[in-house]
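Here are some notes to read alongside the model. Please keep the sequence and the 3D view open as you go through them.

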Amino acid sequence: MMGRTTLVIRSIFIIIISLGPLTTSALQDGLATTPPMGWRSWNLYGTEVNQEVLIKIMNGLTKKRAPNNKSLQDLGYSRIGLDDNWQRIHRVSKQLCSYHDKFGN
């Protein structure tokens, strides 16, 4: 008959051995070494986003900062996401188009 300690040790050993094969494999081609990193407009600006705001954010992502003289772009933040409120439905054509007063260019 096994003692309680021996039973616990054997159980832990079996769990560790069974978890061993749970490894992942990936191509070593240099792609997707980090998740997509960037900034999205909705959480900060909601419906108040416009072209001027996006230009300021893009400049902020590319600005070099102390102490290592790197920008967020240098660190992998390479995406800007314009989530919502850039679009409207055209009155006549019923097609999706941008707000020219918010996004002139």
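**Notes on a predicted model**

1. Ser 41 has a relative accessible area of 0%, so this residue is buried. Keep in mind that the model is predicted.

2. Where does Ser 41 lie in the chain? Ser 41 belongs to the loop between strand 1 (37-40) and helix 2 (42-45). Leaving aside residues up to four places away in sequence, Ser 41 touches Gly 46, Val 49, Gly 81, Leu 82, Asp 83 and Asp 84.

3. Strand 1 has side chains that alternate.

4. Strand 1 is joined to strand 2 (residues 77-81) by four bridges, and the two strands run parallel. In this pairing, Met 37 stands opposite Tyr 77 of strand 2.

5. How many aromatic pairs does a search of the whole structure find? The search finds one. Trp 39 and Tyr 45 form an edge-to-face pair, because their ring planes are at 65 degrees and their ring centres are 6.2 Å apart; the cut-off for edge-to-face is over 60 degrees.

6. Are the two partners buried or partly exposed? Trp 39 counts as buried because its relative accessibility is 17%, and buried means under 20%. Tyr 45, at 29% relative accessibility, counts as partly exposed.

7. Another ring to look at is that of Tyr 99. The charged end of Lys 102 sits over this ring, 5.5 Å from its centre.

Definitions and conventions:
Residues numbered from 1 in each chain as written. Predicted model: local features only at pLDDT ≥ 70, side-chain atom pairs only at ≥ 80, totals over all residues. Heavy atoms only, no water. Buried < 20%, exposed > 50% of the residue type's maximum accessible area, 1.4 Å probe, protein only. Contact = heavy atoms within 4.5 Å. Phe/Tyr/Trp six-rings, centres within 6.5 Å; stacked < 30°, edge-to-face > 60°. Lys NZ or Arg CZ within 6 Å of the ring centre and 35° of its normal. Pairing = 2+ DSSP bridges.
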